[in-house]
Amino acid sequence: MTYCVAMRLADGLVFASDSRTNAGVDHIATFKKLHIFERDDRVLVLQSAGNLATTQSVLTLLRQRVNQDVPNLMNVSSVYDAATLVGTVIREVIQRDGGQQQSNINFGCNILLGGQIRGEIHRLFHIYPEGNFIEATEDTPYFQIGESKYGKPIIDRVLNFNTPLETAMQCALISIDSTLRSNLSVGLPLDTLIYPKDSFSTAQQYRITEKHPHFQALRQAWGEGLQKLFSQLPPFDL
């Protein structure tokens, strides 16, 4: 299991992913789930959840084809076209691997694709195992994949399209921290990125470990704040 969240806001994009994968309690590993394709005219960020073999194959094919004379993430003209391309590769891998295996294994994966190509606005898509996708809007400015239920209420209460990027990142980190506390299949370190619109820069990319001072202060303040607020609630009196 995993947890990834991506947000498309007025000022840019925010991405945060955990890095845990597991196939049972005795087989837990760490794999990066936030992947960046960039050059001077584009920044494209992919986050992956689902079958690890499928997601690794999809990412390998996307990287290999960057150097080939075929449609690829470095020559498509829009983020929409990039989402279409990723969806096609997902279908290709699932049909290939699923057709070879006669079992109950789920070969599906979900991918969040966000970024900007020069000449258009920053955009964010959720691409499904079937290869189809939906786009984030001002009314629905974020997507989650993986173990989303624990962190969703926090985002729903805090986030809107005009939320500043730094505030949105704090919201994403608290959302992940709530998930970490409730589900052992989600784990540190975290990979995060803040992308200001029109910057075409990934300079604000961070890996957050258990000892990261800001993350520790944030989770402590959030936990203590919840305890304090709970103690101040009106007494139960029907």
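A residue is called buried under 20% relative accessible area, exposed over 50%, and partly exposed in between, using a 1.4 Å probe and protein chains only. At 42% relative accessibility, Tyr80 is therefore partly exposed, whereas Phe125, with a relative accessible area of 1%, is buried.

On the origin of these values: the model is predicted, local features need pLDDT of at least 70, side-chain atom pairs count only at pLDDT 80 or more, and totals for chains, interfaces and linings use all residues. Residues are numbered from 1 along each chain as its sequence is written, and side-chain values use heavy atoms, with hydrogens and water left out.

Rings of Phe, Tyr and Trp (its six-membered ring) pair if their centres lie within 6.5 Å; planes under 30 degrees apart count as stacked, over 60 as edge-to-face, and the rest as tilted. This rule gives three aromatic pairs. The ring centres of Tyr80 and Phe125 are 6.2 Å apart with planes at 70°, so this pair is edge-to-face. Phe125 and Phe133 have centres 5.4 Å apart and planes at 90°, so they too are edge-to-face. Tyr80, Phe125 and Phe133 form one aromatic cluster.

Now the sheet. Strands are DSSP runs of E, at least two residues long, numbered from the N terminus, and two strands pair if DSSP finds at least two bridges between them. Five strands form an open sheet in the order β10-β1-β2-β11-β12, with antiparallel pairing. The edges are β10 (142-146) and β12 (205-208); each has a single partner strand, so one side of each lacks a neighbour in the sheet. Strands β1 (residues 3-9) and β2 (residues 12-17) pair over six bridges, and Cys4 has Ser17 in β2 as its bridge partner.

Terms used. Helix = DSSP H or I, 4+ residues; strand = E, 2+ residues; numbered from the N terminus.
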